Amino acid sequence: MKITTKTTLLISALTTLAFLIYALYKSIILYFVNEALEDTFVGGSTSNISIVLWFIISGILMLITSMFLFFLKIKDLKSQKIIVTGLIFFWFIVSFFSIFVTFSNLLITLLTSSIGIISFLASKNLKKEIIAELNKKGLTEKEIYLLQKLAGISKK
């Protein structure tokens, strides 16, 4: 199964975009509920902190989504390897914490864990691509000289 870095980044961006839309939805609903409660004769109000926190979470998710989309432009394979390794850790940490935060909603945990597995598979494919590229290039004269020097072989 060949999964590219681009595919992994697009899946990650779409997933964080879905979480972003959910968080934005929650923040807007809380804002309107707060406004409606202030206008009624009841005089109750929801916590303004929860509204602000949902908007902050939306902003963080927007930043993460834009980072995933920005990472699509990186062509260097070694940099992509570092990014994909970071994605593996990111999604498994998110799935680990989602077990404790939303244990009743197993779908979120399965979704984030599956993206972590997809990132892991992309990492393995990327490693094969890096090895194939290195084998295709061959060694330069300087690298051959340094390897010979390291091995104790002298040119005559």
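Modeller: A helix here is a DSSP run of H or I at least four residues long (a strand is E, at least two), numbered from the N terminus. Glycine 138, with a positive phi near 80°, follows helix α4. This is a predicted model, where local features need pLDDT of at least 70 and side-chain atom pairs 80 or more, while totals for chains, interfaces and linings use all residues. Residues count from 1 along each chain as its sequence is written, and side-chain values use heavy atoms, without hydrogens and water.

Let's look closely at phenylalanine 68. Phenylalanine 68 is buried, at 4% relative accessible area (buried is under 20%, exposed over 50%, partly exposed in between, with a 1.4 Å probe and protein chains only). Setting aside neighbours within four places in sequence, its contacts (heavy atoms within 4.5 Å) are Leu9, Ser12, Ala13, Thr16, Leu87, Phe90 and Trp91.

Now for the rings. Rings of Phe, Tyr and Trp (its six-membered ring) pair if their centres lie within 6.5 Å, with planes under 30 degrees apart called stacked, over 60 edge-to-face and the rest tilted. That rule gives eight aromatic pairs. In one of them, phenylalanine 68 meets phenylalanine 90 with ring centres 6.0 Å apart and planes at 75°, so the pair is edge-to-face. Phenylalanine 68 sits in helix α2 (residues 48–71) and phenylalanine 90 in helix α3 (residues 77–101), so this pair ties together parts 22 residues apart in sequence. Phenylalanine 90 counts as partly exposed, at 29% relative accessibility. Phenylalanine 90 also pairs edge-to-face with tryptophan 91, at 4.9 Å centre to centre and 75° between the planes. Tryptophan 91 is buried, with a relative accessible area of 1%.

Next, the surroundings. A nonpolar core is a set of buried Ala, Val, Leu, Ile, Met, Phe, Trp, Tyr and Cys residues joined through side-chain atoms within 4.5 Å. The largest one has eight residues: Leu9, Ala13, Ile64, Phe68, Ile83, Leu87, Trp91 and Ile115. At least two of its residues come from each of α1 (5–39), α2 and α3, and α3 gives the largest share, three. There is also a second, separate core of seven residues, including Ile88, Ala122, Leu126 and Ile130.

Back in α4, the buried residues include Ile115, Ala122, Leu126 and Ile130.
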